[in-house]
Amino acid sequence: MSFEIRQISTTADGREIVRSATSEKTQISIGRSSENDIHLQDLAVDPKHAEIEQLGNRRIRVRATGTLGFDIDGKPTLDAEIDASKGAELRFGGHRITVSPGDGDGVVLTVQRVEAVSDASEEKDEVRSFSLASTMLGKRPLAWALAVFVLLAFLAVPITSYLLRPAEDTRNIYEVMKQKGPGEDHVFGDASWSSGPLSKAHHALEGKCESCHEKAFVSVRDTACKTCHEKVHDHAPIERIRKAPGDMGIGRQVLASIGEMFGRPGVGACATCHIEHEGAGPMLATPQAFCTDCHSSLSERLTDTKIGDASDFGEAHPEFRPTVQVTPGKHPRFDRVSLAKKPTDDSGLKFPHDVHLSKTGGVAQMGRRLSEEYGFGDALACSDCHKPTSDGVRFQPVDMKRDCQMCHSLGFEMVDGTTRTLRHGQPDQVIADLRAYYRSTGPAVPIQLGGMSRRRPGNYADGKVHHAYFGAVAARPNGADAAIAAVFSEGGACYDCHTITPPGVADNASWSVLPVHQTSRFFTKGWFDHKAHDTEDCESCHSAPTSKLATDLLLPDLKSCRDCHGGENSNTDVPSGCALCHSYHMGDEAPWVSNAGVARPREETK
Amino acid sequence: MATKASHIPRQKGETLHDGFLRHAGFKWAKIAGGLSLVVIVTYLLIDVTPRHNGGSWYGYTLGTIGLGLIVWLTMLGVRKRKMTDGRWSLKAWTSAHVYLGLSLIVIGTMHTGFQLGWNVHTLAWALMMLVILSGMYGIWMYATLPQALSNNREEMTQGQMLDGLRAIDRQLHDAAQPLTAQQASLVRLSLEEDPFGGGLWARLTGRYRNCATHAAQAGMRQWTGSQPDTGNDPLERVDALLEKKQALLAQLRRHLRLRALLEIWLYIHVPATFALLAALTAHIISVFFYW
């Protein structure tokens, strides 16, 4: 029995060289030291690593002598018995020793280095090792992963959710607010599609895109808006609106025609002017351009229009056309007349502003006398007679009792300290009251008859006095006619302010007063807010101190307004788009943008 | 390749050493610069109401130009795999790719009208910017790193560097044979260290905190440090070899770092491009889905 030890080594060009040696020892040693029978140049092997002992009948025993073991057929162990005729494979560090039967009862141990000396010595893919590819996920898988993720998250998920959403219509904003949440009853994941936050008014609809975007690939329709905005009326008949736009420039025209090709509603649709997703806060004011698209040259296309062309308040805007009272009376006639024609407004009253606002003269003096009671200044001011409405936008009609009567008294008799006054606004009652007064009162009683009147000197007979007095008493009621005529005639209380028609003129049975109508809003197509202008003096716009006649129309003209106001993009104190004064969906209330976005420069600089 | 190219007559105006940046006298730089200028000027002059955004006619125009450019720029990936020369040489194509790509900063940003938010539209813009910025970084690296790379190599090829390392490893292995098991295990640590290991961060920074060779030498010095060098102590030989290996590793690692810096941008540029194409698709579909 012997050991045949075959050492296999590989040359640089890959050829194998086998060196064979036979040992007759019954026990051989394995280790890194050169004195071992099997000398393994392997740092993973102990200097004296193991011993192999013959047990006879081709059986051997392998025993580790140190603490390091070895592998037998892949299993680590410290001690093993092997039947060489069946064979086995041992592993010491980077070396493999194959046990096989030799001639006779010999055992062959084939020793081969199977591991490279070092990691660097192993075969390396040079191109890959030196590039970053060896440390990174490849560009291609990374590209695919990212692309698929983006498509899934931002396209597949929202579209799937959209297709699976409940069919019931939840478009009303009030219904929407009751909704449960994304994925449950509205689309999930489409928030990432929103190009910007919704305006304050539509905030509740945030993330509930399908409230307005009703159908896929169909642009927002008016029906979506009208679900909530039920009462908004059209600006004009839609046929006229369609005809109205002028040249919008090649770019917008091309876009409009492409939009039209895909069924996008064009001019006149809500979304054309009301643009959403432009940021939180108030909805963007409709820019001037949306009005001037049509109105800058509307007369060219709608030849029958009565509206003047306007493209910019500062540069091209027709002169104001206030609604003025042309004929006063019970059935007054109103007309819209351009301020360029210097129209007058006849309310039926007589009133010289200049006299009342004069700093000198009787009116001012009377005002000073009454200043303690009524708070007048050195002279009368506008606000002494003109009281604003509660919203401050306009002024209340001047009221005789409140605003005039402290000076223009209608008192005619004092009864026990109480002044009886004629009833304002009721000429018939005035006449009746005067007649009753003359009927119920007598002339002054002479002293002879127990009165306080002084007796005339001379021999005036008592009888004559008696006769004269009672004659006067008898004639007293007839004096009423003269008093009535005096009140209604020049110098009388009514005549100073009112236009009076005496009896007998124009089929008039009695004295009559022309009904007065005070206009509270002259500009019916535009909006003017006095409160917004309260930093200004009244006189800066209304030239009342020099007005002699009540029919003077004291409205400022276009030029006067342009002192401060200019077009939307002007450098004036107050750049003003159309929507500052005009409303597309015109009603009695202020244009909805009226107070928004208008700086009040004078106040701010204070 | 080089010999073949020398037979092809040069194109008019083409000089031999023009890189893609200087190609044809900065022709594409001028075209792209002009394009950007036109876009900026028209953006300022054209009065889009109420404000500039992607939905105006001007916005759609810029968006269409941008989309076309992005798709065309992506095609460089296809084009570069087919080398030709002449007017549409790969160099001309690359030059156009770089400069038109830069002009996308202007076109894409003006398309947004500066309306950015947390949405898929801005995602597309951000990815576009990421692609462009990574490309700019790449060009900068291409302009500056090859010199450093060449200096560091000291006339050695990558294969030679690796072979040098292998030679030292073999010597180390042999020299360590007489060592005790404890000492041998230290040497083994160094031998078994993957010179290309360490991961992305180590590659980019060139800092290898857990360098086994360094640890092995430090361990070895515990024995050699206190003894005089007699000249025939195997430990001294191993120590010297470990020092040589460290020097070689340092050079290799500098090389790897420079190469990593040279290559890393493509790992952003290319995947971000594909993410951008996906985001663009989502952007365009979503815009018209909820028109």
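User: How many residues does the contact take from chain B and from chain A?
Analyst: The model is predicted, and its scores are ipTM 0.85 and pTM 0.73. Both chains contribute to the contact: chain A supplies 50 residues, and the number from chain B is 55.

User: Which helix gives the most to the side of chain B that touches chain A?
Analyst: At least two residues each come from helices H3 (57-74), H6 (120-153), H7 (158-175), H8 (181-192), H9 (199-205) and H11 (234-289) of chain B. With 20 residues, the greatest contribution to this side is that of H11(B).

User: On the side of chain B that touches chain A, how many residues are nonpolar?
Analyst: This side of chain B includes twelve polar residues and ten charged ones. The remaining class is the nonpolar one, and its count is 33.

User: What percentage of the contacts in chain B between residues at least 6 apart in sequence join residues at least 24 apart?
Analyst: The secondary structure of chain B consists of eleven helices and zero strands. Of its 291 residues, 37% count as buried. Among contacts between residues at least 6 apart in sequence, the share joining residues at least 24 apart is 77%.

User: Over which residues of chain B does pLDDT stay under 50?
Analyst: Chain B has a mean pLDDT of 86, and 92% of its residues reach 70 or more. One stretch stays under 50, and there the model has zero contacts beyond four places in sequence. That stretch of chain B is residues 1-6.

User: At what angle do helices H15 and H17 of chain A pack?
Analyst: Two packed helices are described by the angle between their axes and by the distance between those axes. Here H15(A) covers residues 427-440 and H17(A) covers residues 479-488, with the axes 9 Å apart. Their crossing is right-handed, and the packing angle is about 145°.

User: How many residues of the contact of H15(A) with H17(A) are nonpolar?
Analyst: From H15(A) come Val430(A), Ile431(A), Leu434(A), Arg435(A) and Tyr438(A), while H17(A) provides Gly479(A), Ala480(A), Ala483(A), Ile484(A) and Val487(A). One residue of this contact is charged and one is polar, and the number of nonpolar residues is eight.

How values were computed:
Residues are numbered from 1 along each chain as its sequence is written. Chains are lettered from A and ligands numbered from 1 in the order in which they are written. This is a predicted model: local features need pLDDT of at least 70, side-chain atom pairs count only at pLDDT 80 or more; totals for chains, interfaces and linings use all residues. Helices (H or I, at least four residues) and strands (E, at least two) are DSSP runs, numbered from the N terminus. A residue is buried if 20 or more other C-beta atoms lie within 10 Å of its own, exposed if 12 or fewer, and partly exposed in between; C-beta atoms are placed from the backbone. Two residues are in contact if their C-beta atoms, placed from the backbone, lie within 7 Å. pLDDT is the predictor's confidence in each residue, from 0 to 100. Axes are lines fitted to C-alpha atoms, for helices over the stretch in contact, and angles run from 0 to 180 degrees between N-to-C directions. A crossing is left-handed if the near helix is turned anticlockwise from the far one by less than a right angle, and right-handed if clockwise. Ala, Val, Leu, Ile, Met, Phe, Trp, Tyr, Cys and Pro count as nonpolar, Asp, Glu, Lys and Arg as charged, and the others, Gly among them, as polar.
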